[in-house]
Amino acid sequence: MAIVLGVVQGVAEFLPISSSGHLSLLQYFFGMTEPDALYNILLHFATLIAVCVVYWRDILDMIMEFFRGIAALISHDAPWGNPPEGRRLVLLIILATLPLFLILPIEGLVEDLGANPVFVSVMLLVTGCVLFLSDKYGGGRKNVRTATVKDVLLVGVAQGMATIPGLSRSGSTISTGLLMGLDRSFAVSYSFILGLPAILAAGLLDLKDVLEAGELGIPIGPALVGMAGLRPTLASIREGKRVCLANKETLVCAGPLVLEEAKDYGAKLYPVDSEHSAIFQCVQGCAGRREIRREIRRLILTCSGGPFYGRTAEE
């Protein structure tokens with residue numbers, strides 16, 4: 001699954017066709033599970049690296065001009081009327097990034113829209129219409145020196161709107177730039193460089209959530225218990241037996257291995273730990289109703305007290 005999603009992300013990320021929308025539909029129609037947070041973080045940073053590789057000269061020039069601009073401000077020697085192109089591009093990127101802050105309060109609501117395949121499909125159609133109109137009626141001669149504040153702010157608004165699943169970020173920003181009269185070559189390069197702060201911020205926010213939730217590591221205690229039960233569990237699986245598994249820690253430390261072995265040897269796994277068994281029975285009860293099972297995006301099993309973790313006995 002990871003390879004398939006990675007290929008789709010890699011192909012769609014640099015085409016104005018909404019990689020997030022295609023990933024959402026791919027997961028829905030083929031019954032793929034939602035990738036974990038760490039996988040999303042890796043996708044963000046892989047995209048970041050790819051853009052940096054393609055536009056490294058422009059990015060290096062921007063970094064150098066950024067520090068030169070700060071030095072010029074400190075020394076009161078800043079060329080306000082005609083700054084170098086790299087320095088002006090930094091200012092244009094900062095201005096176009098500002099509208100993204102308006103999206104932060106509704107970030108969760110926007111992400112939830114990705115669970116609706118009809119909505120995502122409609123947004124993909126909207127993306128196609130926007131691309132058609134901009135290609136037909138857009139385009140001009142404005143470049144990094146002649147683009148106005150109004151131009152880049154509207155491009156930034158388009159980038160904010162493109163957080164909606166199915167709306168292509170690059171497609172929306174390039175199209176808006178073309179409709180505002182930007183040169184085609186500049187519109188494309190500006191769009192991808194503009195995406196760097198947004199992609200970096202999204203990756204860092206996901207990383208923060210993962211670290212706060214403690215999802216990057218495996219607790220030592222459950223891992224040790226899981227390793228102790230792993231050998232007899234695998235031995236039973238390789239005999240093709242039905243395994244009633246109360247030792248859920250085995251799946252914590254070696255879940256992919258256990259599931260792969262069970263598939264290869266035709267063994268069945270049945271959770272008997274209370275909460276896990278209850279969830280298993282609920283999902284099995286939906287076996288004949290495929291539309292209900294498709295609505296289940298993720299199952300989160302908690303341990304160490306779950307929602308009561310950190311509370312006192314009195315609370």
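Helix 5 (residues 85-97) has 13 residues, which at 1.5 Å a residue should span 18 Å; its end C-alpha atoms are 18 Å apart, in agreement. The expected span is 1.5 Å times one less than the number of residues. Helices here are DSSP runs of H or I with at least four residues, numbered from the N terminus. This is a predicted model: local features need pLDDT of at least 70, side-chain atom pairs count only at pLDDT 80 or more, and totals for chains, interfaces and linings use all residues. Residues are numbered from 1 along each chain as its sequence is written, and side-chain values use heavy atoms, with hydrogens and water left out.

Among the buried residues of helix 5 are Gly86, Arg87, Leu89 and Val90. Buried means under 20% relative accessible area, exposed over 50%, and partly exposed in between (1.4 Å probe, protein chains only). Glu65, in helix 4 (residues 56-74), is buried at 6%. Setting aside residues up to four places away in sequence, Glu65 touches Pro84, Gly86 and Arg87. Contact means heavy atoms within 4.5 Å.

Next come helix 2 (residues 19-29) and helix 7 (residues 117-137). Their axes come within 10 Å and cross at roughly 145 degrees. Axes are lines fitted to C-alpha atoms over the stretch in contact, and angles run from 0 to 180 degrees between N-to-C directions. Gly21, His22, Ser24, Leu25 and Tyr28 of helix 2 meet Pro117, Val120, Ser121 and Leu124 of helix 7.

Last, the cysteines. Cys52 is partly exposed at 30% relative accessible area, and Cys129 is partly exposed at 48%. The whole structure holds zero disulfides, meaning pairs of cysteine sulfur atoms within 2.5 Å.

Note on methods: Helices (H or I, at least four residues) and strands (E, at least two) are DSSP runs, numbered from the N terminus.
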